[in-house]
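Trainee: Could you walk me through this model before I start on my own notes?
Mentor: Gladly, let's open it and take the parts in turn.

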Amino acid sequence: MKNALLNWKNILIGTAIVVVIACVAIIPYFVISDSAVWPISYISYVFLFSGVVVFFIGFVIQDIYRARLRHKTKNWNNPLPKDKISKAWNIFAPFFLSGITSVVVGSVCSIFLR
């Protein structure tokens, strides 16, 4: 887990996901500039909802990877090999990092943007 969270590729992918979420949250508010349609709380809602969705997507993808591996090897009860577990964490790490970052940014926005 620690190696997956410190891998620069995972951090780069997680940062890219957060940038996409930030673009979806901030661009409509400033481009359209209609406070009746896009209230300021829209930004925090998008960050919070996107963080939860991204975290869920990452969890499901790595869980499907582990389930396929267990199905292929018929290894239902025994632990998986360490290299397969680390690959599953490498799949989940960018989504975990971007989900946590997005939820934190959304929480800060909901506190300070009122």
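**Helices and loops**

Mentor: Helix α2 covers residues 8–32, and at 1.5 Å a residue its 25 residues should span 36 Å, which agrees with the 36 Å between its end C-alpha atoms. The expected span is 1.5 Å times one less than the number of residues, and helices here are DSSP runs (H or I, at least four residues) numbered from the N terminus. Please keep in mind that this is a predicted model, in which local features need pLDDT of at least 70 and side-chain atom pairs count only at pLDDT 80 or more, while totals for chains, interfaces and linings use all residues. Residues are numbered from 1 along each chain as its sequence is written, and side-chain values use heavy atoms, with hydrogens and water left out.

Trainee: Where in α2 is the kink?
Mentor: The kink, of about 30°, lies at Ile26, shortly before the proline Pro28; the bend is the angle between axes fitted to the seven residues ending at a residue and the seven starting there.

Trainee: And which residues of α2 are buried?
Mentor: They are Asn10, Gly14, Ile17, Val18, Ile21, Ala25, Pro28 and Tyr29, where buried means under 20% relative accessible area, exposed over 50% and partly exposed in between (1.4 Å probe, protein chains only). These buried residues pack against α1 (2–6), α3 (41–73) and α4 (82–112).

Trainee: OK, new topic: how do the axes of α3 and α4 cross?
Mentor: They come within 7 Å and cross at roughly 170°, the axes being lines fitted to C-alpha atoms, for helices over the stretch in contact, with angles from 0 to 180 degrees between N-to-C directions. That makes α3 roughly antiparallel to α4, a term used for angles over 145 degrees.

Trainee: What about Ile40, which residues does it touch?
Mentor: Ile40, which lies in the loop between α2 and α3, touches Tyr29 and Leu113, not counting residues up to four places away in sequence, and contact means heavy atoms within 4.5 Å. Ile40 and Leu113 are 73 residues apart along the chain, yet their C-alpha atoms are separated by 6.8 Å.

Trainee: Last one: is Lys74 buried or exposed?
Mentor: Lys74 is exposed, because its relative accessible area is 55%, and its place is in the loop between α3 and α4. Notice too that Lys74 has a positive phi of about 55° although it is not a glycine.

Definitions and conventions:
Helix = DSSP H or I, 4+ residues; strand = E, 2+ residues; numbered from the N terminus. Parallel < 35°, antiparallel > 145°, perpendicular 65-115°, else oblique.
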